[in-house]
Amino acid sequence: MPTFSPQVRAAFIMAATAAMYVAAAQFRVSVAFTNGTLALVCPPTGITLSVVLLWGPAALPGVVIGALITYLSHGWPLAFVVAAAIGNALEAAIATYLLRRANVHMTFDRVLDVALLGACAVLASAAGASIG
């Protein structure tokens with residue numbers, strides 16, 4: 001199995017994260033506009049959290065890039081786009097920090113782990129929403 005340099009690995013993680021974010025966001029937008037309502041769930045947020053939990057902070061620039069691509073492609077104002085992209089990355093960073101600090105099992109095999117995931121998601125979403 002080939003070994004990649006840390007820079008190549010980080011670039012791959014960033015590009016893969018951005019691609020997954022854009023794909024999930026486009027799916028969310030297509031569902032929202034098909035039904036004429038806003039979606040109550042946000043697939044990019046869940047993907048972002050799982051990627052940052054698995055791959056670490058190297059994925060955060062990919063979150064920002066993916067959010068920038070998604071929001072700019074819809075023609076939203078630049079100030080909103082930048083704030084939302086930073087807020088999305090902040091959500092994942094805060095939730096990851098809180099989950100690791102609480103020693104949550106990443107297999108989520110205990111009821112406590114699932115409850116902590118929900119609590120961390122609420123707290124991180126509030127922090128991210130306060131920015132963008």
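Predicted model: local features only at pLDDT ≥ 70, side-chain atom pairs only at ≥ 80, totals over all residues.
Student: How far does H4 reach from its first C-alpha to its last?

Tutor: H4 has 24 residues. At 1.5 Å a residue, a span of 34 Å is expected, and the reach in the model is close to that, at 34 Å.

Student: At what angle do H3 and H4 pack?

Tutor: H3 covers residues 60-73 and H4 covers residues 78-101. Their axes lie 8 Å apart, and the packing angle is about 145 degrees.

Student: Is the crossing of H3 and H4 left-handed or right-handed?

Tutor: The contact at this crossing involves residues of both helices, including Leu 60 and Val 63 of H3 and Leu 78 and Val 81 of H4. By class, the contact has 15 nonpolar, one polar and no charged residues. The crossing itself is right-handed.

Student: Within what arc do the buried residues of H3 fall, seen down its axis?

Tutor: The buried residues of H3 are Leu 60, Gly 62, Val 63, Gly 66, Ala 67, Thr 70 and Tyr 71. They line one face of the helix, because their directions fall within an arc of 150 degrees.

Student: Which residue just after H3 takes a positive phi?

Tutor: A positive phi follows each helix: after H4 comes Asn 103, with phi near 55 degrees. Just after H3, a phi of about 75 degrees is taken by Gly 75.

Conventions: Residues numbered from 1 in each chain as written. Heavy atoms only, no water. Axes fitted to C-alpha atoms, helices over the stretch in contact; angles between N-to-C directions. Helix = DSSP H or I, 4+ residues; strand = E, 2+ residues; numbered from the N terminus. Left-handed = near helix turned anticlockwise from the far one by under 90°. Contact = heavy atoms within 4.5 Å. Nonpolar A, V, L, I, M, F, W, Y, C, P; charged D, E, K, R; others polar. Buried < 20%, exposed > 50% of the residue type's maximum accessible area, 1.4 Å probe, protein only. Arc of directions from axis to C-beta. Expected span 1.5 Å × (residues − 1).
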